[in-house]
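Subject: Structure for your review

Dear colleague,

Please find below the structure that I am handing over to you.

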Amino acid sequence: MGSQRAHLWFIGPALILMVIILLIPIVIAMGLSLTDYSLGNQGAAFVGLENYERIFTRSTYEKMFVATFRYVFVVVPLTVGLGLGAALLIHSLGRIGDLYKTIYFLPVMAALIAMAIVWEFAFHPTIGVINSTLERGCGSFLEAWHWYAKGCARTFPLWLNDREYAIWTVSFIGVWQGFGFNMVLYLAGLTSIPAQLYDAAEMDGATRGWDRFRLVTWPLLGPTTVFVVTISFIRSFQVFDMVEAFYPQGGGPSKSVYVMMFAIYEKGIQQNLMGIGAAITVVFLGFVMVLTLIQRRLVERRTHYV
Amino acid sequence: MSDVIQQDTPATTFRFNTRAALTHAVLIVGALIVLLPFYTMISLSLKAPHEIMQQTGGFMGSQQPFRDDFCVKLGNAVEDCLVNPIIYNYTTAFEKAPLLRYLLNGVIVTVSIFVIQVFVALPCAYALAKLRFWGREAVFALVLFCLLIPVHAIALPLYIMLAKLGLTNTYAALVIPWTISVFGIFLMRQFFMTVPDDLIDAARMDGMTEYGIIWRVMLPTAIPALMAFGIFSIVAHWNDYFWPRIVITGNRDLFTPPLGLREFKGDADGDNFGPMMATACIIVTPLIVCFLLAQRRFIEGITLSGMK
């Protein structure tokens, strides 16, 4: 191949695959979302925006949005906050901190489906370690806490099978799994901050830890934070494994854990209602793309002054 | 008085520092919560069913042989059916389902995905970073746009396409959607930008083809970045549950480890917690071991990705 045309061979395969695997499916999803298509049927009827109308009016889908946003708005702040907190503490310890770094990163490496099954066992109302540990605290000062006393008097929550607790329990597992990833990204950000900046800040009178954090660390971690927040949003929007493992049918007690990816799976794959599944897909893609575009805007703006 | 002595004793080796102690205390509490499910998983995989149900036996269980009721049901004498919990749990994990086959499938799928991703992404990244041609900006813009698309989100149309081609329940279905990694292209392009042009010009002077330059000049310089990407890719696809769940329906020969574990859970009654946890341990261990061995590389890799 001559070097004049070499680029065609280099770009070609990637370009073709990008179009077939990433772009065409989006077009197909958009098209199908306007129909009542089912796999195996001959053709499909055009139904206009009916699928979207359903998504934004039916109570099932209201529950879907509530569950998804609850999960996302618990998991994103907590994974980012804990990730940053852990990174700062570990960074302050120097080399001894490496052990913690390793431990906190373990959940990121472990298959979530496996760990979800273990957590399900830990949260088991009768034989799980969580409730049996809580029961051991009964009769102690902890009973001063109203919630605890109630648990001792009757029973502690059913966690994953309680409508009031299920989504928060799932969110907890999400936080447990995700914050180590953010911690590593923040640690990378922290090590790239030049030590002279701290010296300079100290000479300018920033002697307290908080001042140094506010004046040096936090601004310089800006780009890291933008990236970490976005990737946390995208990851948590895609929560599925745990929900399917805990609630193979129906999305949890009273559909309280009926997150979007599970809805797509249930409608499209389990019930073969491709039209409505495709419509949820399009709405989902909309969310994710808007978030990423906001992130890019922020990065561009920040780079001007950092 | 004691304070003075403390300061005079070898203060350089160990000085009690309230702040560091507090830091350690917080981090240790965190570590305990992080490790709790790992502890539970390993512990349950070692214990007998009645110990699991009654929460006795501590971490290891008593390791007393117990009666395997299923074995008794098959008409064997009770004495022949006494089994050691660890052996029972781990052998059941392998016998009840073709776990070895699942593990092999996992290796086949993750390795194929990574190899194809590299063969597709590397030349593209090189062209985007180092070659000048008409439309380069447009292609790069497309890459940036595609970075917005999570492949899981477009699972339904991909599934329909594969179903129309009759490819569901094949290895191809597990691999095809992941053959293109725009993140890989982006990452490698950023890395190649830092490779000096002189190196490439020198290679061209020596009469190397563009293709040779990619594999014999660029690839060796990119090993750290490639390792970082490889770790990302392999971790993601070994652990992936969503996509196999969609395209593999019922054909156990094609199950990946997560699907195998999920199937186990589906028909687990109380007696099966031990073997199920043994399966979970077996599935989780390979990546954890790799991570522990190549930890520094991993962290370095993420720093490299230029996402700071």
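**Overview of chain B**

Chain B contains 17 helices and two strands. Please bear in mind that the model is predicted. Chain B has 308 residues, of which 41% count as buried. Among the contacts in chain B with a separation of 6 or more, 71% are between residues 24 or more positions apart.

Chain B is divided into two domains: domain 1 covers 1-46 and domain 2 covers 98-304. Where they meet, four residues of domain 1 of chain B are in contact with six residues of domain 2 of chain B. The side of domain 1 that touches domain 2 in chain B is made up of three nonpolar residues and one polar residue, with no charged residues.

**Where the two chains meet**

How many residues of chain B are in contact with chain A? There are 72 residues of chain B in contact with 72 residues of chain A. On the side of chain B that touches chain A, helix H2 (residues 18-46) of chain B gives the most, with 14 residues. Sorted by class, that side of chain B has 58 nonpolar, nine polar and five charged residues.

One helix pair across the two chains can be described in detail. H4(A) and H2(B) pack with their axes 9 Å apart, at an angle of about 35°, and H4(A) passes H2(B) in a left-handed crossing. From H4(A), the contact is made by Tyr100(A), Ile103(A), Tyr104(A), Leu106(A) and Pro107(A), and from H2(B) by Leu27(B), Gly30(B), Ala31(B), Val34(B), Leu35(B) and Phe38(B). These residues divide into ten nonpolar and one polar, with no charged residue.

H4(A) passes H8(A) in a left-handed crossing. The residues of H4(A) in this contact are Lys101(A), Tyr104(A), Phe105(A), Pro107(A) and Val108(A), while H8(A) brings Trp176(A), Gln177(A), Gly180(A), Phe181(A), Met183(A), Val184(A) and Leu187(A). By class, the contact of H4(A) with H8(A) has nine nonpolar, two polar and one charged residue.

**Individual residues**

Leu99(B) lies in helix H6 (residues 99-130) of chain B. Is Leu99(B) buried or exposed? Leu99(B) counts as buried because it has 23 C-beta neighbours inside 10 Å, and the cut-off for buried is 20 or more. Beyond its neighbours within four places in sequence, Leu99(B) is in contact with Ala93(B), Phe94(B), Gly260(B), Thr279(B) and Ile282(B). Of these, Gly260(B) is 161 residues from Leu99(B) in sequence, yet the two are 7.1 Å apart in space, C-alpha to C-alpha.

Two further residues are worth a look for their backbone angles. Most residues other than glycine have a negative phi. Trp159(A), which is not a glycine, has a positive phi of about 50°. Trp159(A) lies in the loop between helix H7 (146-153) and H8 of chain A, and with 22 C-beta neighbours inside 10 Å it counts as buried. Asn169(B) also has a positive phi, near 60°. Asn169(B) lies in the loop between helix H8 (155-164) and helix H9 (171-175) of chain B, and it counts as partly exposed, with 17 C-beta neighbours inside 10 Å.

Yours sincerely,
A colleague

Conventions. Residues are numbered from 1 along each chain as its sequence is written. Chains are lettered from A and ligands numbered from 1 in the order in which they are written. This is a predicted model: local features need pLDDT of at least 70, side-chain atom pairs count only at pLDDT 80 or more; totals for chains, interfaces and linings use all residues. Two residues are in contact if their C-beta atoms, placed from the backbone, lie within 7 Å. Helices (H or I, at least four residues) and strands (E, at least two) are DSSP runs, numbered from the N terminus. Ala, Val, Leu, Ile, Met, Phe, Trp, Tyr, Cys and Pro count as nonpolar, Asp, Glu, Lys and Arg as charged, and the others, Gly among them, as polar. Domain bounds come from an automatic or database domain assignment. A crossing is left-handed if the near helix is turned anticlockwise from the far one by less than a right angle, and right-handed if clockwise. A residue is buried if 20 or more other C-beta atoms lie within 10 Å of its own, exposed if 12 or fewer, and partly exposed in between; C-beta atoms are placed from the backbone. Axes are lines fitted to C-alpha atoms, for helices over the stretch in contact, and angles run from 0 to 180 degrees between N-to-C directions.
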